[in-house]
Amino acid sequence: MIKFIFVVILILILFGLLGYLVRIVPQASAYVTERLGAYHSTWTTGVHIMVPFFDRIANKVTLKEIVKDFDPQPVITKDNVTMQIDTVVYFQITDPKLYTYGVVGPITAIENLTATTLRNIIGDLELDETLTSRDIINTKMRAILDEATDPWGIKVNRVEVKNIIPPRDIQEAMEKQMRAERERRESILRAEGEKKSAILTAEGEKESLILRADAKKAAMIAEAEGKAEAMERIYEAQARGIEMIKNANPTKEYLSLKSLETYEKLADGKSTKIIVPSELQNMATTLTNVGELLSVDKKE
């Protein structure tokens, strides 16, 4: 029984020792190992065996991209405006050995370096430039941080200015300015709308007048053409009637009768009568008739 317990304890010790000596490095990770207190090797993904009592794992490093959101930092612009700016840094560990032995507290070092770099950049900009130059600030900070962190085995991929918080009085002034700008744009848009509306109304009235004038012109032309056509047909009918009378070789008595009918029509009015003699040679008769008509007019 004692032997059995001893064997079991020995097996457990053996499994524990194997578990301690055999290490499996997961994907996107790296282990920095030391032997007798000095750097020995960097283990990548896979199975590795440690030498007992000589080797130890100094640091376990992730090779994934790390996103670090730093707290807002007070900065002063070129025109002496104090504001709060917080940044987000995207970086990746490229050399686990340098990351382990290059600096104490790499994350703290990056945070402090970010704060000092941000103060230097903002110190060369005025307030308005700071608010409108995020891309410039991001580019400068990324270049400076990437160069400064190379000895630490860190690659800075991207730096983003997350928030820019100016003082309260500056915010109120900016809000008033923005409100005034919106009101100005609204007034301009309203004036342009009214202008376009007036132009469209005037153009509509102009087109309406032109259309009415064209319609009236067309109506007058049509009416004139109708009257001309009617008169033309009347004259054609008269011409045909005269031609027919001429072709019928009318007698002198017929012509005299037509003359008398014409005189009768002329005598129907109450105004001055005009008599057209049928024969220019009979002037005496005409004068007699004129005298009679004048006498009649006087009696009337």
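The side chains of Arg-35 and Asp-55 meet in a salt bridge at 2.5 Å, N to O, where a salt bridge is a side-chain nitrogen of Lys or Arg within 4 Å of a carboxyl oxygen of Asp or Glu. Arg-35 lies in strand 2 and Asp-55 in strand 5, so the pair ties together parts that are 20 residues apart in sequence. Asp-55 is buried, with a relative accessible area of 5%, whereas Arg-35 is partly exposed at 32%; buried means under 20% relative accessible area, exposed over 50%, and partly exposed in between, for a 1.4 Å probe and protein chains only. This is a predicted model, in which local features need pLDDT of at least 70 and side-chain atom pairs count only at pLDDT 80 or more, while totals for chains, interfaces and linings use all residues. Residues are numbered from 1 along each chain as its sequence is written, and side-chain values use heavy atoms, with hydrogens and water left out.

Glu-34 forms a salt bridge with Arg-56, with the closest N and O atoms 3.0 Å apart. Because Glu-34 lies in strand 2 (residues 29-35) and Arg-56 in strand 5 (residues 55-62), this pair ties together parts that are 22 residues apart in sequence. Helices (H or I, at least four residues) and strands (E, at least two) are DSSP runs, numbered from the N terminus. Glu-34 is buried at 7% relative accessible area, and Arg-56 is partly exposed at 44%.

## Salt bridges elsewhere

Across the whole structure, a search finds nine salt bridges. One of them joins Glu-229 to Arg-233, the closest N and O atoms being 2.7 Å apart; both residues lie in helix 6 (residues 168-247), four residues apart, about one turn of the helix.

In helix 3, the buried residues include Ile-110, Leu-113, Leu-118 and Ile-121. The buried residues of this helix pack against elements including strand 8 (82-93), helix 5 (134-148) and strand 9 (154-165), contact meaning heavy atoms within 4.5 Å.

The largest nonpolar core has 28 residues, and those with the most contacts inside it are Ile-85, Val-89 and Ile-137. The largest share of this core, six residues, comes from helix 3. A nonpolar core is a set of buried Ala, Val, Leu, Ile, Met, Phe, Trp, Tyr and Cys residues joined through side-chain atoms within 4.5 Å.
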